[in-house]
Amino acid sequence: MARGGSQYVVALAGNPNAGKTTVFNNLTGGRQHVGNWPGVTVEKKEGPSRGGGVDFQVVDLPGTYSLTAYSLEEVVVRDFIAVEKPDAVVNVIDASNIERNLYLTTQLLELGVPLIIALNMMDTAEGRGVTIDIDLLSELLGVPVVPMVGLRNRGTDELKEVIGKAVRGEVKFRGIQVIYGREAEEEIAKLQVAIERDEKLSKEFLGKYSARWLAIKLLEEDERVEEDVQNAAGADAPVLKQLDESRRHLFSIFGEDIETVIVDNRYGFVAGIVREAVKRAKEGYESKSDRIDSVLTNRILGFPIFAVFMWLMFFVTFYFGKFPMHWIDSLIRGLANFVNTNVTSPVWLRSLLSNGVIGGVGSVLVFLPQILIIFLCISLLEDTGYMARAAFIMDRIMHRLGLHGKSFIPMVMGFGCNVPAVMATRTLESEKDRMITILVNPLMSCAARLPVYALFTAAFFAANQGTVTFSLYLLGIILAVAMAKLFRKTIFRGPSEPFVMELPPYRFPTAKGTFVHMWERGSMFLRKAGTVILAGSVIVWILSYLPWGVTYGSPASVAGMIGRFFEPLVKPLGFDWRAVVALLFGFFGKEIIVSTFGALLGTGSNRAALSTKLHHVFTPLTAYTFMAFTLLYTPCLATVAVIKKETGSWKWAGFAIGYSVALAWLVAFFIYRVGLLFGGK
Amino acid sequence: MFDEILQEIEKADGPLTVKDLAARLDIEESALEKMLEFLEKKGKLSVYRPGECDQCGVVSCKTCVFGVGCSIAKRGGDC
């Protein structure tokens, strides 16, 4: 390689974000040549420097966490060090994450290169309460260690000095290496002998790598090294036979692949060094996120706080939603009046337009403000990072019940829409956990149920809309957890796999991001209003209008006949035939329940009239019972379709419908009967 | 190291965050993340990272409740 007129070459290696580029700039003073590594598009930077009385060329290697050939960067670093043989390698380490960074150091030591540790970001480490005994670290690793603060250009002169001495051969490297335990070391030794005895291999590789390094890489199942060895020595070379024997022998001892054993030993070696040379303050560093988490995910406070956030969300939704709702309501009523005034004949067309189309779609569309506000709240909770905590809090409860905690994560998504939530169960590796999560997911109250709650709470619980809606969401969560437990105990028995969760840091949401999120979901509701809800409303109108000549929406209409046929099933719950018709059409989309009542009660888009007329059909007790039934009974058509797709079976889709209808009936019966006992009406 | 990690997860009373686990084992959090990554690759455990669509299996960032925080969503892309 071009050495830029300097006699010596020094490579900079290190983890991504360890401050390697800053150290490179400090060493070279910004004089650098930027190009690409041969054959790849990974950026290569080099520049001249001088220290300890010698000139040297500094080459900035790509950032890597290890030297295993998993990525292009790792191969570039490995090949450069092995083939170009730099006179020294400076391993730039982020002192505040020293334990992670030292893993790469173990592999650089294994390569047998003259290594210098540049212990960067010492100020950050100190700020986090991390104290490093530099001399002891240097002694334990057997290489020079230079503490630095790259960003403030501290330690650069010292590093240059050490580099100068190292390239002149004035620094002794003790070559400390990881010991992999007696059994593995015996096999490494056998492989080393086989490699050294193979003439082709010796000629091809031993100028670049040590036999020990090659032996370890072969045992580690490094595909690239294995391929190179096969190409050089042939597929039936003794070294490959020895490799096969060694792997089998080690597997019989450890019961797992040797790569795991090797990586485990490296981390063990690093942990030993850290235990000796690094002291972490007992309290440890606490970021802002940590401090917030200590309250929000607290074992005792976590769930009550989550419940308060939920309650607030519904309070805000209904309190602020009612103003724009009145405006939309007036607009839709004005439109319906315009049609009634201007379309004089035929009568059926006027009825179709005002009752079916405008009344049907309008009675649902009027709840758009609430839908948008609840999505705004959900977006805010997500964008700040709180929703992940909500999953974590619920996860803890699920885990206590012997369920896989990860199951709750797709369930939280069910608050938005059950369809993507069912799809999100793909994250669960265990088929049983996945099936349980799919089956209970529809019990989480999706946004489509909100118009139903909004209509009924406004009509019967106007003073406590938010609280009543909150109770329904809570009911959904409790029943989802209970059903998951039941399924785990009966249909899907078995243990759960170990599971750890990474919580993202809290962040300030941006107005644009939050509104875009809200609109993405809100627009889905609008699309649904123009398609499924419109079609459903027209069908309900037809069934309420026919047979020709009957009173619109009367018991004598087709809708009335269907409702009366199934009425005995819901009589014990305090519902009449109109509730049956609404629930039947609600299968196509839960919002259609609202428009169906609009059609059956002949109020069209007049929300105030609909609220009043609902009092002819429901009491406060049966209204709450009906909302609970709506929450729990059958997933909507789109969710059923996705359950079939995800489980690959109509059987499970049918089961989801069957058990949820039965559960809805039982819960509604319980609420109604207990309510009656307590004097409810 | 790996045995200690797996045992600690097994005996945990409830789910664990990486931070909790790091504190229990007195391992640096960032080092533990790399170890968990390896164990996950070997199928010995699973790590949930909210916001990483390829991890969470959500079909679209638009429908992902965690999506806005992940790198894909930040770039304005879809999963």
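**Terms and the values behind them**

Modeller: In chain A, A:V89 stands opposite A:L115 in strand β6(A). Please keep in mind that this is a predicted model, in which local features need pLDDT of at least 70 and side-chain atom pairs count only at pLDDT 80 or more, while totals for chains, interfaces and linings use all residues. Residues are numbered from 1 along each chain as its sequence is written, and chains are lettered from A and ligands numbered from 1 in the order in which they are written.

Colleague: What makes β5(A) and β6(A) a pair?

Modeller: Two strands pair if DSSP finds at least two bridges between them, and β5 (residues 88–94) of chain A is joined to β6(A) over six bridges, in the parallel sense. On its other pairing, β6(A) runs parallel to β8 (residues 145–147) of chain A over three bridges, with A:A118 opposite A:V146.

Colleague: How do you know that β6(A) is mostly covered?

Modeller: A residue is buried if 20 or more other C-beta atoms, placed from the backbone, lie within 10 Å of its own, exposed if 12 or fewer, and partly exposed in between. For β6 (residues 115–120) of chain A, six of its six residues are buried. In a regular strand the side chains alternate between the two faces of the sheet. Here A:L115, A:I117 and A:L119 are buried on one side, and A:I116, A:A118 and A:N120 are buried on the other.

Colleague: Why is A:M121 called buried, and why is B:D26 called exposed?

Modeller: A:M121 counts as buried because it has 27 C-beta neighbours inside 10 Å, whereas B:D26 counts as exposed because it has 11. A:M121, in the loop between β6 and α4 (122–127) of chain A, has a positive phi of about 60 degrees although it is not a glycine. B:D26, in the loop between α2 (18–25) and α3 (29–41) of chain B, likewise is not a glycine and has a positive phi, of about 55 degrees.

Colleague: Why are α21(A) and α28(A) called roughly antiparallel?

Modeller: Angles under 35 degrees count as roughly parallel, over 145 as roughly antiparallel, 65 to 115 as roughly perpendicular and the rest as oblique. The axes of α21 (residues 450–460) and α28 (residues 620–632) of chain A come within 10 Å and cross at roughly 170 degrees, so the two helices are roughly antiparallel to each other. Residues in contact (C-beta atoms, placed from the backbone, within 7 Å) include A:F456 of α21(A) and A:F626 of α28(A).

Definitions and conventions:
Helices (H or I, at least four residues) and strands (E, at least two) are DSSP runs, numbered from the N terminus. Axes are lines fitted to C-alpha atoms, for helices over the stretch in contact, and angles run from 0 to 180 degrees between N-to-C directions. Two residues are in contact if their C-beta atoms, placed from the backbone, lie within 7 Å.
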